[in-house]
Amino acid sequence: MIGYLKDRLFGRPEVIVDFIFDDGLFFISIKNIGSTSAYRISISFDHPLEGVGGTKSVSDLALFSGIEFLPPGKEIRTFLDASASYFSRCQPTMVTVTVRSRNDRG
């Protein structure tokens, strides 16, 4: 209960991962929608995500295991694949994402 009250009083980071469809292309977005900065962010996927026409293991990019700092309201976006290419290779359409991060208090 005390942790919850501290988060409400002092704010906290809230890092989300979103899949964006834009003009036939898929992107993965990492955004801090919280009110304070997030530190040491790591992201894992329950399925490997093969993108860029099947030539790249996008879910294994260093980006997802090593974001040191993400201020509130900031977003990092990376290309996943063209939608036609992604679906033609029967890539996952349901993905569970786990996000870990720290705030300025650890």
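Mentor: A residue is buried under 20% relative accessible area, exposed over 50% and partly exposed in between, with a 1.4 Å probe and protein chains only. The model is predicted, so local features need pLDDT of at least 70 and side-chain atom pairs pLDDT 80 or more, while totals for chains, interfaces and linings use all residues. Residues are numbered from 1 along each chain as its sequence is written, and side-chain values use heavy atoms, without hydrogens and water.

Trainee: Is F79 buried, partly exposed or exposed?

Mentor: F79 belongs to strand β7, residues 75-82 (strands are DSSP E runs of at least two residues, numbered from the N terminus). Its relative accessible area is 32%, so F79 is partly exposed.

Trainee: Which residue forms a salt bridge with D81?

Mentor: Two salt bridges are found in the whole structure (a side-chain nitrogen of Lys or Arg within 4 Å of a carboxyl oxygen of Asp or Glu). One joins E75, partly exposed at 37%, to R77, partly exposed at 43%, with the closest N and O atoms 3.6 Å apart. D81 is buried at 3% relative accessibility. Its closest N and O atoms are 2.9 Å apart in the salt bridge with R89.

Trainee: Which strands stand at the edges of the open sheet of three strands?

Mentor: The order is β6-β3-β8, with antiparallel pairing (at least two DSSP bridges between two strands). Strand β3, residues 38-45, pairs with β8 over five bridges, and T98 in β8 is the bridge partner of S44.

Note on methods
Helix = DSSP H or I, 4+ residues; strand = E, 2+ residues; numbered from the N terminus.
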